[in-house]
Amino acid sequence: MGSTAEQTTNGMPDYSSIKKEGLFRQTWNGLRRNRLAMFGLALIVILVLIAVFADFIAPFGVDEQDLTGKFLKPGGRHLFGTDEFGRDIFSRIVYGSRYSLMIGAVAATLSAVIGMIAGSLAGFYGGRTDNILMRLIDIMLAIPSTLLGISIVAALGNGIRNVIIAVAIGAVPAYARIVRASILSVKEQEYIEAARSIGASDFRIIMKHILPNCLAPIIVQITMSVAKAILEASALSFIGLGVQPPSAEWGAMLSAGRAYIRKAWWIVTFPGLAIAMIIFGLNLFGDGLRDALDPRLKT
């Protein structure tokens, strides 16, 4: 009979012969079976490569102007047309991918670090520490993230750094709640008690024994929050509180081109499609990653 387990002398299956796959290989195999997730991953990889090799891909400089070629329609030398200053929109979108991807990645990383620290302290120590931190998180959750970002940028001023800080702070509550819930579910397990019994410090228990078992939801949340960070950063730039012109950030390009939307639709259409493409790819990949890391969906 075809079986993955060999039969022992007493007729019972010997499961020790089964080779256990690592988490990375299991996740990758789950992703490969999800066509939408792989399509999203392909979009992300393409956009990352475009950002890395923007100097070689863009046919024109990011701020190269040609006042005799203003509002040229898409086609010919200018694949996506030109704007009100005769700048090539395709080149600016290519360079603008660097702003959007950098803001999304850095903001998601920063919020993940802060949220993991807050969630770890609240979940591990409980009591007064948990109450204080979670009430602060509840207050942050009561404020819409976009409104919170507007308030922070208005207080700190415009610029990439302040946009990253504003977007990151708005994403902290999601990480804190996820990590806290995960820690509450594992901190009373036997291996945690064993670590305490041999004198392991609280820091070592959290870092070596608890957080590694909470990585699956954190990884998924990071993927989703990158998309949210890009969208919120673009929204802040669109209303004039984010990256400022003439920087080729996609939200700023949308804001600058909205005055010409009736005259030159391509000025706002292509930056908008670029934002939609990266958000779409990240959401597809995040959904597939969540399914691949969900133990209830594994056989």
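This is a predicted model: local features need pLDDT of at least 70, side-chain atom pairs count only at pLDDT 80 or more; totals for chains, interfaces and linings use all residues.
The walk starts with helix 6, which spans residues 145-156, and helix 7, which spans residues 160-186. Their axes come within 9 Å and cross at roughly 145°. The crossing of helix 6 and helix 7 is right-handed. On the side of helix 6, the residues that meet helix 7 are Ser145, Leu148, Gly149, Ile152, Val153 and Leu156. Helix 7 contributes Asn162, Val163, Ile165, Ala166, Ile169 and Gly170 to the contact with helix 6. Sorted by class, the contact of these two helices has 8 nonpolar and 4 polar residues, and no charged residues.

The surface patch belongs to another part of the chain. Val45, Val48, Leu49, Val52, Phe53, Phe56 and Ile57 make a nonpolar surface patch of about 650 Å². Two elements give two or more residues to the patch: helix 2, residues 35-52, and helix 3, residues 54-57. Helix 2 supplies the largest share of the patch, with 4 residues. Val45 is a patch residue and lies in helix 2.

Helix 3 also holds Asp55, whose side chain meets that of Arg98 in a salt bridge, at 3.5 Å from N to O. The pair links distant parts of the chain, with Asp55 in helix 3 and Arg98 in helix 4, residues 89-125, at a separation of 43 residues. A search of the whole structure finds 7 salt bridges.

Which residues does Asp55 contact, once its neighbours within four places in sequence are left aside? They are Tyr95 and Arg98. Asp55 and Tyr95 are 40 residues apart in sequence, while their C-alpha atoms are 7.9 Å apart in space.

Definitions and conventions:
Residues are numbered from 1 along each chain as its sequence is written. Side-chain values use heavy atoms; hydrogens and water are left out. Axes are lines fitted to C-alpha atoms, for helices over the stretch in contact, and angles run from 0 to 180 degrees between N-to-C directions. A crossing is left-handed if the near helix is turned anticlockwise from the far one by less than a right angle, and right-handed if clockwise. Contact means heavy atoms within 4.5 Å. Ala, Val, Leu, Ile, Met, Phe, Trp, Tyr, Cys and Pro count as nonpolar, Asp, Glu, Lys and Arg as charged, and the others, Gly among them, as polar. Patches are made of residues with over 30% relative accessible area and no salt bridge: like charges are joined within 9 Å, nonpolar side chains (Val, Leu, Ile, Met, Phe, Trp, Tyr) within 5 Å. Accessible areas come from the Shrake-Rupley method with a 1.4 Å probe; for residues, only the protein chains shown count as cover. A salt bridge is a side-chain nitrogen of Lys or Arg within 4 Å of a carboxyl oxygen of Asp or Glu.
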